[in-house]
Each structure stands twice: as C-alpha cells, then as structure tokens.
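This report describes the packing of one protein chain. The sequence and the model are shown below.

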Amino acid sequence: MFNLKLTPMRILLFSSFVFISSAMAQNDKIQESCNSVTNLFNEGDIDGALEEARWCVTQLEQLKQGQTSSYFKDTIDGYVGGKLDSQQAMGMSIIERTYTKDDNSIQVSLSGGVSNIAASALEAFASFGVNATPGKKIRIQRRTATLNNQSNNPQLLVTLKSGGVLTFESSQVTEDTLVAFAKSFPVAELDDSRK
C-alpha cells in the first residue's frame, strides 16, 4: 500500500500537471479542428470545410480571449476582483471585472475586436472617441488616457496600442484613487499580449 502524504509541493505538482494536461488537451482539440479543414477541402466537402473553419476560428478566438482575461488579476492594489465576465459577439469582445476594497468598487472593462478587421475599426473609433471625449489627457503606462469626472463619477479611458479601450470607472472613489488603481493594473502587459 502506498503512503502518499499530501505536502504543499506534491499538491502544487499535481495541480500543475492537471493544468498542463488540460491546456494540452484543449490545444489538441483546436489543432484537430483546424487540420480537418484541409482534409474536408481535399475531399471536396467545401460546406463542411467552411463550417469547420468557422469552428476553428471560434476556438482560437476563445483561446485568445482566455489569455487576455488572465491579466484581470484576482488582486490589484489591495482590491479584490469579483466574477470575471467575458462576452463575444460579431467580432467584438468585452471583458469586465469589478474590484472591491472595503466599501469601494472599481469596474474595469476591456472592449476590443477579436479579428484584425474588427480591432482596426474599433481602434479608429476608440481613438476618435477618446480624443473627442471631454476630460484631462494623462499617460498610463505609456498609453494615452482621458480622465473624465462628470457628476463625481470618475471614468478613465485608456486607448490601447493593440486596438480597443480599457475603461476604469467608479462612483465611490476619487479621481486620484482611480488613476492609482489604473497605474497598478497590468495595462502594458495586457496590451502587448494582444498584438
């Protein structure tokens, strides 16, 4: 009979193995789906190839969105993240998470295009929108941001180099607190991961 004492190291190793196995299985499914497009095309099944190609793209988009979501850390600047909400429709994606500390909360949302065409269109719109938005221009991790405080509800819009807008807003904290939170958020890492 084996005597397996659960030590923190063994638990960590087991958890890592399960995570890596799950990621490899997901990658295998995506690769299988994408490879089947060519096989169906070579067999003359154009409709099947188109359907499988759409599924391949959907899986790749979900994988990319999952990678982006990982930058919405569980804890930032003493604030604890709530439920992560991720939506995707018509080539656009929105990821949202509310962070709370004491009785204060800050909502963070990322709006962006999943495909290059949608991302480019959103980038042009976002650039126009941020430039047209009234407020004070500031820099957050070498990205242009607009701080707007109407009705004592500060909102900070950060234009990402990869396309899209990262928005920080709250009705419970001051402008300075909101800006400090945004500076602690991994804005540049998230942005660079999407290029």
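The model is a predicted one. The protein has 5 helices and 9 strands, and along the sequence these elements follow the pattern α-α-β-β-β-β-β-α-β-β-β-β-α-α. Of the 195 residues in the protein, 34% are buried.

**Nonpolar core**

The largest nonpolar core holds 26 residues, and the members that touch the most others are Leu156, Leu166, Phe168 and Phe185. At least two residues of this core come from each of E4, strand E5 (104-113), strand E6 (136-140), strand E7 (143-150), strand E8 (153-159), E9, H4 and H5. H4 supplies the largest share of this core, with 4 residues.

Leu157 lies in strand E8. Its relative accessibility is 14%, so Leu157 counts as buried, since the cut-off for that class is under 20%. The C-alpha atoms of Leu157 and Phe168 are separated by 6.5 Å, with the two residues 11 apart along the chain.

**Aromatic pairs**

The count of aromatic pairs is 6. Two of the pairs are set out here.

| Pair | Centre distance | Plane angle | Class |
|---|---|---|---|
| Tyr99 and Phe181 | 5.4 Å | 55° | tilted |
| Phe168 and Phe185 | 5.5 Å | 80° | edge-to-face |

The classes follow from the plane angles: over 60 degrees counts as edge-to-face, under 30 as stacked, and the rest as tilted. The pair of Tyr99 and Phe181 is therefore tilted, with the planes at 55°. This pair links distant parts of the chain, as Tyr99 lies in strand E4 (residues 92-101) and Phe181 in helix H4, 82 residues apart. Both Tyr99 and Phe181 are buried.

In the pair of Phe168 and Phe185, the planes stand at 80°, so this pair is edge-to-face. Phe168 belongs to strand E9 (residues 165-169) and Phe185 to the loop between H4 and helix H5 (187-193), so the pair ties together parts that are 17 residues apart in sequence. Phe168 counts as buried because its relative accessibility is 0%. Phe185 is buried as well, with a relative accessible area of 1%.

Which residues form the aromatic cluster? Phe72, Tyr79, Tyr99, Phe168, Phe181 and Phe185 make up one cluster. Two of these residues, Phe168 and Phe185, are also among the core members that touch the most others.

**Helix H4**

Helix H4 spans residues 175-184, and within this helix Leu178, Val179, Phe181 and Ala182 are buried. These residues lie on the same side of H4, because they cover an arc of only 160° around the axis. An α-helix has 3.6 residues a turn, so residues three or four places apart point the same way. On the other side of H4, Asp176 and Lys183 are exposed.

**Surface patch**

Where is Leu50 in the secondary structure? Leu50 is in helix H2, which runs over residues 46-69. With a relative accessibility of 42%, Leu50 counts as partly exposed, because that class lies between the buried limit of under 20% and the exposed limit of over 50%. Together with Phe41 and Ile46, Leu50 makes a nonpolar surface patch of about 300 Å².

Terms used: Residues are numbered from 1 along each chain as its sequence is written. This is a predicted model: local features need pLDDT of at least 70, side-chain atom pairs count only at pLDDT 80 or more; totals for chains, interfaces and linings use all residues. Side-chain values use heavy atoms; hydrogens and water are left out. Patches are made of residues with over 30% relative accessible area and no salt bridge: like charges are joined within 9 Å, nonpolar side chains (Val, Leu, Ile, Met, Phe, Trp, Tyr) within 5 Å. Accessible areas come from the Shrake-Rupley method with a 1.4 Å probe; for residues, only the protein chains shown count as cover. A salt bridge is a side-chain nitrogen of Lys or Arg within 4 Å of a carboxyl oxygen of Asp or Glu. Buried means under 20% relative accessible area, exposed over 50%, partly exposed in between (1.4 Å probe, protein chains only). The arc is that of the directions from the helix axis to the C-beta atoms. Rings of Phe, Tyr and Trp (its six-membered ring) pair if their centres lie within 6.5 Å; planes under 30 degrees apart count as stacked, over 60 as edge-to-face and the rest as tilted. A nonpolar core is a set of buried Ala, Val, Leu, Ile, Met, Phe, Trp, Tyr and Cys residues joined through side-chain atoms within 4.5 Å.
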